Amino acid sequence: MITNRREAWTGRLLLGLLMAVTVVPFVSLFVTALHPKGTYPSGLSWPDDPQWGNFADAFRAASMGELLLSSSLIVLGVVPAALVFGTMAGFAFGHLRVPGHRIGFLVFLLGLTLPFEGIITPLYYQVRDMGLLNSRWAIILPLIGLFMPFSVVWMRAHFVTMPDDLSEAARIDGAGTWQLFWRVHVPLAMPALSSLGILLFLWTWNHFLLAIVLVDDPAKRTMAGALGAFQGQWGTDIPLLCAGALLILVPTLAVFLIFQRRFVAALLQGSIKG
Amino acid sequence: MAHGSIRRPLRAALTVSLFAGLAACSAPGSDTPSEGANASAAPVTAATCGTQPVTLRGYFETGFPLPKNLADEFSRQFPNVKWDIREDQFAVITQNAPRVLADDPPDLMRLPQVSELVKDGVLKNLDGYARAFGWDKWPASQLEQMRVSPTGARGDGPLWAMGLNFSMTGIFYNKKLATQIGMTKPPTSLAELDAVLQKAKDAGLTPINQFNGGATGGLAFPLQNLMSAYGEPGAINDWIFQKPGASIDTPANLQAAQHLERWIKAGYFASDINSQDYATMMSRFIGGKNLFIFDGDWESGNLDKQMAGNVGFFLMPSAQAGGKQAAMSAPLTYGISSKAKNADCAAFFLNWVATNQQARDIAVKVGGSHPMGPSDAYMPPVAENTVTAATLAAGATIGKDNGAMDFIANATGAIYAKSWTPQLQKLVAGQQTPDGLLKSVQKDYESQVKD
Amino acid sequence: MPAPIAGRRTRRPRAGWLGWLFAAPAVIMYATFVLRPLSLTVQYSLYDWNGIGPSRWVGLDNYRRLLTDSELFSSILHAFELILFFSLIPVLLGLFVAATIRGIAQSRLATVARTVLFLPQVIPLVAAGIMWSWLLSSTGVVNEVLSAVGLGGLTRAWLGDLGTALPAVGVIGAWVLVGLCTLLLLAGMSKIDPGLYEAARLDGAGPVREFFSITLPSLRQEIGVCVTVTVIAALASFDIVYIATQGGPGNATMVPGLEIYYLAFSEREIGMASALAVALVVLVLACVLPLQRLTRDGSR
């Protein structure tokens, strides 16, 4: 590739600038969190006496342990189920090509564009009538439904690339459809599955709307929903709010940094298919 | 998304969704009126919390320690009672109230304006308790804001809620800054107040910080104060209580709104009030950044602690020196859901708050406001020179001048969020005129009251 | 993107209608928690209902009000204004940055950048809202920077000013989305045959002509994806506005998502909220479907 030095340097400069703009909000949040509680610090000033204790206080005030547990339970409720259902339907539409698979698939495809606000009102009454209001099920079950379009489209895209010969061979060996699916195709779908899993984890963990509408108790919400409640309760104390917000970010940031390669790949593919 | 050819299956998909649409065609909502609606109160002989373990479900307002402190003291005196308390900011409570009371009923809940909740039948009629506990023998003014007649007007009729105390609003000032600009005693007329504001401005101080950002139109405080300086509190109450024919768009109120606009244009408010929330206002005032805030005595205890000796309070002066004074004064309203499991115990708690000596101590020391209850009930001693003492004394003045008003933000359930807040924010930005402000609020009010 | 259903094969695995058993769980969940509420939204939109008492059939009245009530209608206009910030800026900026750093795409700096630029995608939008309300406040970093470079006259409470609140919300969205767009476009550029650029250089093409005659046409599909994702994010915005401004000041930042929430859960006008919800769903489809055609035609 031909590039001259000047271009490379403009590139570096620009990239550095963009990264700075991306990072500054995090830095601002961090330094603000270190100011004495109840003060109203200005801008990006490093406090004279950094209050590291704010993080401990915010951890206690937000009962962070409980929140982590709650979000984890919701993720455990949503992600495996959505993965299994999405994979099975993707298999049916993409590989088995059941009669009417195009229509079925299209109905899911149109769901990809659906804004959650479009169904939140009836969903509230439906969940209430099911007696699930204020329980984690109120978030888990609708989220599985709402993630179906993406999961099905994603997994179908994987299964249409699988050669039919593979299945023919398995059938000749006497495998039923279920064995074909479970023994042959699921192991081959692992890369697609794990990327989907990462995306679903992230979207569940960060989901806000259902949490604030359907669950009043922050201890039964997702992390993002709990953060909204935290702002409601501690918005009166800016440094504490910032400390709490940072703590709530830590789990996703940690998971992201550990699995960053997979994450970036999954997110890029995810938006292409979404 | 670009998968396959779209047109042919699209038609089929539309057919499918049409069927899905037909799947549910009965009209939403029940046709039977909910049971609580306008039900008369069952006679109550003795409401107590019993001796069995009870867990009272409370829904309180964030940032105000009073109800929690009362709940703790109550559990100390009645160990069989435990609490399950949830908190939210008042704006959120206002939004959630009807749904929560109907779908997830708490035993005791901080309430916004009650008239619509009564109409929906989600509140318990407290008349039975009032008779049993003798609340009906207290000064009538304490309870009238929580009475709603069958026609929907507030002010008389059955009792639907109860106060933990009743609060008083006015102007808090920073004593050090006041001395600095030569304000040695509170202004006694509107003209004097204007002069003080100008002096503060000239001295390079921020005269007033007031929350007015996001969903919080705090400029309603000074506006209503100005309304009562120019006009009669009775007329304002009629509007708030939804008396037939009442209007907010009156000549006196127009003068008040114009006066507020002059304050804005003169730069008496901080330039960023449209993004100030309540917490920002408080932390700036406590930090000595400005002279005045318009606020209520629920902050008295807090201010006496954080600005000890440096904070004063006065009621909005009348237009002419020596005139009658008025102030927003409202009970800290708590109600019981019509579906509450432990209504008797919750009512017993409300009575205890008004009559128990320790509870009344807490109401004053923590809440800063006057407790509910009979006029000859025990009053805790308050140190002189505190702002708590000043606000309690102001209560007496208002009583004498018959100047208690409910809050214009309480006229209907949606009037604050939907009308006052955006209109006042536009007034600050110079995109609304005083006249347009009142006309627009009145229009929204009429459409909401009609429903 | 793979091109599915390229050509039907004659020998397909025979599962027949029984194969629908595999799709059944997904179909049931989707029908129960998405399709049913969606059709109920359409139904509710034809009623006047406060969510508690009985309802009243009003036909298309709610839709009529949507078109005549300036407050409701302006929320839709605001959503379109947000497209400028959520879509146009990230895509343009992303194109510019990606084209400039194409040459150093393999450097260590670019690897670090990949991680850093993704951070806004990983955190909840609520957190982005909290951070930026703080940055954009009257004493925040944005004003500090402006003062430092001699633009002190411009400082203001950005989210509290009727004129700047909506653009300020837009900036938050742009911050969230610009990294994603940059990386998507960069990934697309890495697939372009370097030989094309070399040939262009030999022909004496400068970076500008190179960009317009090679880069832009090859990225048609990636650009389409960026625009689709960001337009949906703009039209359906909720989290950021809910946290940063609650629709204020003076309704300047009211968007359909938030208005639906207020109408349904605070003003209890379920019918009106549902009509707006239907309008929002239709608007999103109307904006997004043509985009698909555009990118598809380009990629085939």
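Predicted model: local features only at pLDDT ≥ 70, side-chain atom pairs only at ≥ 80, totals over all residues.
How many helices and strands make up the secondary structure of chain C?

View 1. Chain C has 13 helices and two strands (DSSP runs: H or I of at least four residues for helices, E of at least two for strands). Its C-alpha trace spans about 75 × 75 × 30 Å along the principal axes. Of its 300 residues, 58% are buried (under 20% relative accessible area, 1.4 Å probe, protein chains only). Local features need pLDDT of at least 70, and side-chain atom pairs count only at pLDDT 80 or more, whereas totals for chains, interfaces and linings use all residues. Residues are numbered from 1 along each chain, chains are lettered from A in the order written, and side-chain values use heavy atoms.

**View 2. The interface of chain A and chain C.** About 9400 Å² is buried here (accessible area lost by both parts on being put together, 1.4 Å probe). Carbon and sulfur atoms give 76% of that area. Helix 1 (residues 5-33) of chain A supplies the largest share of the chain A side, 18 residues. Contact (heavy atoms within 4.5 Å) takes 104 residues from chain A and 102 from chain C. Salt bridges number zero (side-chain nitrogen of Lys or Arg within 4 Å of a carboxyl oxygen of Asp or Glu).

**View 3. Arg360(B) and its surroundings.** Arg360(B) sits in helix 15 (residues 357-365) of chain B. Arg360(B) is buried, yet has no salt bridge. The nearest side chain of opposite charge, Asp376(B), is 7.8 Å away. Beyond neighbours within four places in sequence, Arg360(B) contacts residues including Val353(B), Thr355(B), Met372(B) and Tyr378(B).

Methods
Buried < 20%, exposed > 50% of the residue type's maximum accessible area, 1.4 Å probe, protein only. Lys, Arg positive; Asp, Glu negative; His and termini not counted. Buried area = accessible area lost by both parts, 1.4 Å probe.
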